[in-house]
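Welcome, and thanks for opening the viewer. Let's walk through this model one selection at a time.

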Amino acid sequence: MSLTRRNFLVGAASAAGLSAVNLAAGQPAASLAADAANQAVAAAAPHTEYATLLDIEKCIGCGQCVEGCHERNGHRFPEVKKPMPAMFPPGTKDEDWSDKRHVDDRLTPYNWLYIESVTVQKNGAPLELHIPRRCLHCTNPPCANLCPWGAASRQPGTGTVSIDSQTCLGGAKCRTVCPWHIPQRQSGVGLYLDLMPRFAGNGVMYKCDRCADSFAHGQLPACVEVCPQQVQTIGPRNEILAQAQKLAQERGAYLYGVTENGGTNTFYLSPVPFSEIAQQAKPGPGKPTMGPVADSMAQAGNLTRMLVAAPLAGVAGALVVAARQGQPLPKTPRSLHDPQVDACPTGGLLKKLWVAVALLLGFTGMMQLPVASRYGIAKIPGLTWTGDFYTTLNIHYVLAALLLALGFYWLVLMLRGRLRGRLTFWGKVRLGVLGVVVASGMGRVAKNLPSITFSPGTTTFVDLVHLGFAVLLGILCLTLWLKGLGAWREDD
């Protein structure tokens with residue numbers, strides 16, 4: 001059934017009525033309140049961003065949430081086709097959990113939620129805490145922003161971050177860019193088996209999606225529904241955040257997930273500082289940290305502003321050059337080696353810079369795919385930086401800004417009369433390719449901003465177009481340069 005405001009009100013009223021009956025039977029009021037709120041949410045329309053609050057002091061570590069998750073989502077667990085294809089290059093490892101489905105003390109492709117237990121000190125006495133761990137569903141998730149195929153996406157209507165197993169190739173970029181490294185890979189399943197099973201991809205990535213399918217039909221996430229202690233409460237993010245902050249203030253407690261990675265839709269409430277929990281926990285593969293996490297997408301705004309400023313810098317530079325050189329060039333034929341033409345910095349040096357930037361732009365675009373480590377590029381002296389995705393991304397943005405500045409620099413000089421002539425056929429082709437790169441690049445930049453969300457299909461289309469044309473631009477510029485085919489021809 002579709003969820004509407006009327007269904008929410010009916011659900012809330014029903015929950016309140018049931019709570020009154022249970023209260024008369026002696027059920028604790030606090031438990032009733034949480035139960036009523038959760039039942040109301042189960043009937044609510046998913047037209048707002050939802051968050052969950054986990055009061056970890058309530059958790060007894062019974063594991064019913066883990067079992068409930070398995071029962072609800074078992075039909076979506078991967079079924080591996082064996083034997084798995086041999087990967088290239090030799091030594092590339094697959095990740096196979098199909099014979100270890102019973103593992104429940106860490107995240108795996110078959111275990112999207114686990115209980116982490118730690119013993120800390122509170123008021124001088126030992127205190128054992130049990131912490132349900134799963135995806136935190138970031139408000140600006142790097143996994144969804146940076147997945148090149150659009151397989152990872154964020155639902156703007158609910159704030160849920162999910163991975164589409166039908167389109168994921170298992171490159172594990174989502175795990176690389178996630179500050180908690182939460183998504184887990186299962187090889188031998190998915191789309192890559194039908195494409196290039198030896199050379200590209202390595203399975204499918206899996207993680208919690210807050211039971212998105214059942215939640216869309218009015219059912220609570222399994223871990224929330226089956227918990228006997230009402231550890232978790234789910235509701236509109238602003239309300240849950242206000243509730244979490246109020247409880248933290250009243251109890252002198254601590255919150256995690258409010259600012260971590262720029263903010264998430266999962267808030268943990270703890271009676272002790274999370275720094276103490278982080279010291280006692282042992283993070284590792286499949287076991288995310290509880291330590292401080294910086295905003296991995298914080299640079300997106302600065303990089304966007306840099307790209308906006310780049311054309312202005314190019315225009316300003318061209319105007320300065322034109323002003324220093326005086327009047328526009330006369331419209332009489334001049335040799336390509338005329339001193340006055342050579343004085344305008346659009347000749348050999350600018351051409352070489354343009355070609356170099358275009359080639360590097362294509363290269364850094366390719367390196368944003370998960371290929372640098374797999375194919376040993378990151379081991380080459382001088383190219384170790386390709387193994388760090390965010391470094392590669394930042395360099396790519398700088399090169400894009402430089403290309404925009406050069407393009408507008410050249411355009412203004414032409415309009416000011418510092419260049420005479422017309423574009424050749426190949427010049428027009430190169431300009432057209434550049435236009436597609438710029439337009440698709442603007443789409444990619446917009447996708448990284450927290451207020452903008454693309455559909456998975458749109459994300460895939462934009463990313464593939466941008467990558468393909470960026471590589472094409474680099475190859476085209478290099479080929480034309482080597483063959484001596486200029487993009488600009490002087491008038492006769």
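How many cavities of 30 Å³ or more does a search of the whole structure find? The search finds 6. A cavity here is a set of points, on a 1 Å grid over the protein atoms alone, where a 1.4 Å probe fits but cannot get out. Its volume is the space filled by probe spheres set on the points, with grid points joined across faces, edges and corners.

Before you click, note that this is a predicted model: local features need pLDDT of at least 70, side-chain atom pairs count only at pLDDT 80 or more, and totals for chains, interfaces and linings use all residues. Residues are numbered from 1 along each chain as its sequence is written, and side-chain values use heavy atoms, with hydrogens and water left out.

**Stop one: the largest cavity**

Select Ala144, Asn145, Arg154, Thr453 and Phe454, which lie nearest the centre of the largest cavity among its 17 lining residues. Lining residues have an atom within 4 Å of a point. The volume of this cavity is about 130 Å³. Now colour helix 4 (142–146), strand 4 (152–154) and helix 15 (456–483), the elements that each give two or more residues to the lining of the largest cavity. Helices (H or I, at least four residues) and strands (E, at least two) are DSSP runs, numbered from the N terminus. Strand 4 gives the most, with 3 residues.

**Stop two: the second largest cavity**

This one has a volume of about 110 Å³. Show Cys59, Cys62, Cys65, Cys227 and Val231, the closest to its centre of the 15 residues that line it. Its lining divides into 10 nonpolar, 5 polar and no charged residues. Ala, Val, Leu, Ile, Met, Phe, Trp, Tyr, Cys and Pro count as nonpolar, Asp, Glu, Lys and Arg as charged, and the others, Gly among them, as polar.

A pocket is an open set with protein on both sides within 12 Å along at least five of seven lines. Pick Gly171, Arg185, Pro370, Val371 and Arg374, the closest to the pocket's centre of its 43 lining residues. Helix 5 (173–177) and helix 12 (348–367) each give two or more residues to this lining, and helix 5 gives the most, with 3. The lining of this pocket has 24 nonpolar, 11 polar and 8 charged residues.

**Stop four: a sheet and a hairpin**

Look for an open sheet of 4 strands in the order 8-1-10-9, with mixed pairing. Two strands pair if DSSP finds at least two bridges between them. Strand 8 (232–236) and strand 9 (254–256) are the edges, each pairing on one side only. Strand 1 (residues 50–55) and strand 10 (residues 266–270) pair in the parallel sense over 4 bridges, and Thr52 stands opposite Thr266 in strand 10.

Next, select strand 2 (residues 114–122) and strand 3 (residues 125–133), which pair in the antiparallel sense over 9 bridges. Tyr114 stands opposite Arg133 in strand 3. The two strands form a hairpin with 2 residues between them, and Asn123 in the turn has a positive phi of about 55°.

**Last stop: helix 13**

Select residues 389–415. The 27 residues of helix 13 should span 39 Å at 1.5 Å a residue, and the end C-alpha atoms are 39 Å apart, which agrees. The expected span is 1.5 Å times one less than the number of residues. Finish at Asp388, which caps the N-terminal end of helix 13 with a side-chain oxygen 3.1 Å from the backbone nitrogen of Tyr390.

Notes:
A polar contact is a pair of N or O atoms within 3.5 Å; within protein, one must be able to donate a hydrogen and the other to accept it, and residues adjacent in sequence count only if both atoms are side-chain atoms.
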